[in-house]
Amino acid sequence: NSLKAVNFTWTKSGQRDFGFLAQDLKKVIPQAVHGAEGGLLGVDYGRLTSVLVKAIQEQSVQIKALQEKLDK
């Protein structure tokens, strides 16, 4: 819940994009952030996949439990 998705514009290309701010992500999942030239940070979105799948699995368990309560 502490991750905030953002829309942004790349400085060099002017292209609109979306994702996470590396500075914010580093506080929560530092393994998914890498350094670049000039001290800039980048996000390794591939490293987020397992974290996101795990979160979905945990929610599925909660949803199933709530559905079973409703079905009683």
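Visitor: How much accessible surface does the protein have, and what share belongs to carbon and sulfur atoms?
Guide: In this model, which is predicted, the accessible surface of the protein comes to about 6300 Å², and 56% of that surface belongs to carbon and sulfur atoms.

Visitor: What about the overall dimensions, along the principal axes?
Guide: The C-alpha trace spans about 60 × 25 × 20 Å along those axes. The radius of gyration of the protein is 17 Å, whereas a compact globule of 72 residues would have one near 11 Å.

Visitor: What share of the residues is buried?
Guide: Buried residues make up 14% of the 72 residues. As for contacts between residues at least 6 apart in sequence, 12% of them join residues that are at least 24 apart.

Visitor: Which residues form the largest nonpolar core?
Guide: That core has seven residues, namely Ala22, Leu25, Ile29, Ala32, Val33, Val43 and Leu48.

Visitor: Let me pick one of those. What does Ala32 touch?
Guide: If we leave aside the neighbours within four places in sequence, Ala32 is in contact with Leu25, Gly42, Val43, Asp44, Arg47 and Leu48. Of these partners, Leu25, Val43 and Leu48 are also listed in the core with Ala32.

Visitor: And how far is Gly46 from Ala32?
Guide: Their C-alpha atoms are 8.0 Å apart in space, while the two residues are 14 apart in sequence. Gly46 has its place in helix α2, which covers residues 45–71.

Visitor: Is Gly46 buried or exposed, and why?
Guide: Gly46 counts as exposed because its relative accessibility is 53%, and the cut-off for exposed is over 50%.

Visitor: New topic: where is Phe8?
Guide: Phe8 is found in strand β1, which runs over residues 5–9. Not counting residues up to four places away in sequence, Phe8 touches Gln15, Arg16, Asp17, Phe18 and Gly19.

Visitor: Why does Phe8 count as partly exposed?
Guide: Phe8 has a relative accessible area of 21%, and buried would need a value under 20% while exposed would need one over 50%, so Phe8 falls in between.

Visitor: How far is Phe8 from His34?
Guide: From C-alpha to C-alpha the distance is 19 Å, and the two residues are 26 apart in sequence.

Definitions and conventions
Residues numbered from 1 in each chain as written. Predicted model: local features only at pLDDT ≥ 70, side-chain atom pairs only at ≥ 80, totals over all residues. Heavy atoms only, no water. Core = buried A, V, L, I, M, F, W, Y, C linked by side-chain atoms within 4.5 Å. Buried < 20%, exposed > 50% of the residue type's maximum accessible area, 1.4 Å probe, protein only. Contact = heavy atoms within 4.5 Å. Rg over C-alpha atoms; globule rule 2.2 N^0.38 Å. Areas by Shrake-Rupley, 256 points an atom, 1.4 Å probe, with all protein chains shown as cover. Helix = DSSP H or I, 4+ residues; strand = E, 2+ residues; numbered from the N terminus.
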